[in-house]
Each structure stands twice: as structure tokens, then as C-alpha cells.
Amino acid sequence: MKSFLIRPALALALAASLAACGGSDKAEFTVSGSVTKLVYENLVLTNNGVQINIAPPAKAGDPVPYAFAEKLEYGDTYNVTVARQPAHQTCVPVPPPGGYYVNNADTAGRLVLIDINFDCTIDTHLIGGTITGLTASGLVLANGSTGGTYAATAPTAGTTTPIVYALAPVAYGTTYGVTVSAQPTGQVCTVVNPTGTMQDADVSNINVTCVAA
Amino acid sequence: MKSSYLRASAALACAALLSACGGDDGQLLLGGQISGVTKPGMILTNNGGSDYEIPVPANGTGVTTFYFPNLISSDDKYNVQVKSVPSNIVPDSCQLVNNSGRAGFNVTTIQIACEYQTQALTGTISGLKNELVLINGSDRQTIPAGATTFAMARVAQDAPYGISILANPAGQSCTIANGIGTMGAADVNNVVVTCAP
């Protein structure tokens, strides 16, 4: 019986103390942060169904600060995610400076400041194709000086299936130029479609044909 | 009696397991990412010992993830340093980030970036009447009409180079001689681009 009385009393006391907290001066939290390495348009971040569009910085390389207009109250949850990736880039939440853990989803009030950072990288795509007619070892393909190399192994005698190869991925907007860095013993290989500027998909038509020297 | 045999063999098995792991009884990885490994000779140390030579990655980019074969234990202090670098790396040029601390969990965030010794890659052009775009992989150089020489970005020693034409000049077609090779310890200045008509 006693507990019946105690419970409402407690609830009243709680309500009173909350009101004493200031009522209208309730702590509010802004969901904000910054986006680094954003280069291209059309990044959209979302929190609890509200979306904001993030434009690239006026000065290339600057971080882009953002803040959601809707303020959160103590105990409200937030979950900031990428609703749409920018063109040619992929952005992911990253730990705040000095932190170890990604903090894009939490409850307001656990931290003094809600500071959610996103980091963007330029999308990369593979370049490659097929190698036909290779009968000897020694073929090395290269994409310039920093794009990596591909050393082909001679297929077992009698195999005529083309070898499918790929070089290291190339970032959107970057040029590539595949050359025969070393010819196979006793053969000469030529490359078709060797050069280009990376777009938004893998390139798989850089085909190599080898014939007897 | 049986149990003592069992114990002894268990201890042996245990010892065998441990030595297979490299002699340490830790269970945490120690590693990260390193750039500048296109040939053998990149040796890292942890706390002045545990010498580990980074295997050269097969794709020729010189960038690889690495983990010391010796595992470390929780709460171990670690301090990773570069003991020696391959001959194509500028001595004392390696920048290390997150390379020391105390292990709480697998350590995977060490970043080591080493600078290659580089050489110039240049040549001559004849007959160029309009703009020409030359590339060496991701390096793109726009050569203006009338130019008689050109320079590509410097190339790391031991790296391959392959100069290609990305865009021929309007109304012309160009060919390249001596545009493919592997950079040695001296500048390359004999690339010849000939444009016609």
C-alpha cells in the first residue's frame, strides 16, 4: 500500500526538479560536424529523416562544416548517414579528431558537443583487359611510373584462352597509359586502347596481343 | 603417471605452437601501411629488435600493408622504426605516424611513407603545330604548339615509365621514340617526339 503513495510522490518530485531545471532553458544540442576532402557536388547527409545538401568547399581542400537546423533535446537519438554520395566520390563517417570510434549515431547529451565528421575519397576503378597469343614469359605491363605493373605468366603450352589481367585501380579524372614495359622472350606485344582518363566504371578493353618477334 | 605424460606432451605441443608464431606469446597484430617498397631492403624494427623486412608487393605500386610476424601482447609498449631502406629511397626520408604507443588491441594504424630518389624524364619534340597532351600513367603534361622540348614529372628510381600520347595535336599525328624504360640512377633525356605533317 505504501508504495502506491511513494510512487506518485516520487513522480511529483521528479517533475518539480525538472521544472526547476528551467523549463524553457532546456539543454539543446546541434547535430553538426564537417566533411573533409569533398570535391564534387551532390553529397546529401541525413539525420532522422531530415536531409541537407553539402556543397564542395569554395577553396579546394578546405573542410566543409555543416549543421542540421533542428535542435535535439537531451535523450533524443541521432544517426547521421550519407543519403546520397557525391559524384565520383565515396564519403564515410570517421572518428572525430583524437578519437578512435565512429560517432555518427548516439544519444544527445552523452557528449557536450555533437561533432560528426565525414571523409571523402575519390572513387577508383580497375583498368585491364585480355592478353592473347602469349607463349613466353617476361611480359610486363605498366601504367606510367606510379600506376603499378602487371607481370604476365606464360600460359601452359597449348592454352589459347586469353589471360584476363588488371592493373592497380585508377582514380576518377586521372589519366592512365598502359605500355609494354618488358616484352616476352621472342615475342612482341602491342596494346589497344592504351590511354584514357578514368570515368565512373572499370576499363576492361585495354587488350594486349602478342606475336612472334 | 598418465597425466604427467599428457602434461609433458601438452607442454611440447604448446611450445611448438608458440615457436610457430615466432616465439612471442602475444596475440595482437602490430602493423599498418607502408609506401616506398618496390625492392628488397626495407627493414623495420620494434623496440629496437624484431627486425622485419617488408616483402615487395607484387603489383609494383610500392604500397602494402604489413604486420610484424611476432605478435605482441596487450599492454605491451611498441615503438616501430625504420632500420634500413632500399637503395631507391632517400635515406632518413621516411615519415612515421602512430608508430609508438601501448597496445590495447590489434595495432593496425601505423603509417610509414618513404620518399623515392627521383630522376628527370625529358625529351625533344619536332614539328609540333598545335597542343599535344603527353601522359606517363597518371602524370599528364600539356605541351603547347611550337614547343621543342618537354618535361614529364620526375620518376622514382627503378620505376618503369611509359610515355603515351593522350591527345594528338589537331590535324597532326605524333610518334614517340625511347618513351618506354625503367628509370636508373641517371636522368633520362633522350625521349624524342616527332609530329607530322
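Visitor: What makes residues of chain A and chain B count as being in contact, and how many are there?

Guide: Two residues are in contact if their C-beta atoms, placed from the backbone, lie within 7 Å, and by that criterion 18 residues of chain A are in contact with 18 residues of chain B. On the chain A side, strand S10 (140-143) and strand S13 (175-182) each supply at least two residues, and S13(A), with 6 residues, gives the largest share. This is a predicted model, in which local features need pLDDT of at least 70 and side-chain atom pairs count only at pLDDT 80 or more, while totals for chains, interfaces and linings use all residues. Residues are numbered from 1 along each chain as its sequence is written, with chains lettered from A and ligands numbered from 1 in the order in which they are written.

Visitor: How do you know which class the chain A residues touching chain B belong to?

Guide: Ala, Val, Leu, Ile, Met, Phe, Trp, Tyr, Cys and Pro count as nonpolar, Asp, Glu, Lys and Arg as charged, and the others, Gly among them, as polar; on that basis this side of chain A has 5 nonpolar, 13 polar and no charged residues.

Visitor: Why are S11 and S14 of chain B called edge strands?

Guide: Strands here are DSSP runs (E, at least two residues), numbered from the N terminus, and two of them pair if DSSP finds at least two bridges between them. The open sheet of 3 strands in chain B has the order S11-S10-S14, with antiparallel pairing. Strand S11 (139-143) and strand S14 (164-167) of chain B each have a single partner strand, so one side of each is left without a neighbour in the sheet.

Visitor: What makes S10 and S11 of chain B a pair?

Guide: S10(B), residues 132-136, and S11(B) pair in the antiparallel sense over 5 bridges, where the definition asks for at least two; Leu132(B) stands opposite Ile143(B) in S11(B).

Visitor: What makes a group of residues a nonpolar core?

Guide: A nonpolar core is a set of buried Ala, Val, Leu, Ile, Met, Phe, Trp, Tyr and Cys residues joined through C-beta atoms within 7 Å, buried meaning that 20 or more other C-beta atoms lie within 10 Å of a residue's own. The largest such core has 39 residues, and Ile54(B) and Leu134(B) have the most contacts inside it. This core draws at least three residues from each of domain 1 (21-113) and domain 2 (118-196) of chain B, bounds that come from an automatic or database domain assignment.

Technical notes:
Helix = DSSP H or I, 4+ residues; strand = E, 2+ residues; numbered from the N terminus. Buried ≥ 20, exposed ≤ 12 C-beta atoms within 10 Å, placed from the backbone.
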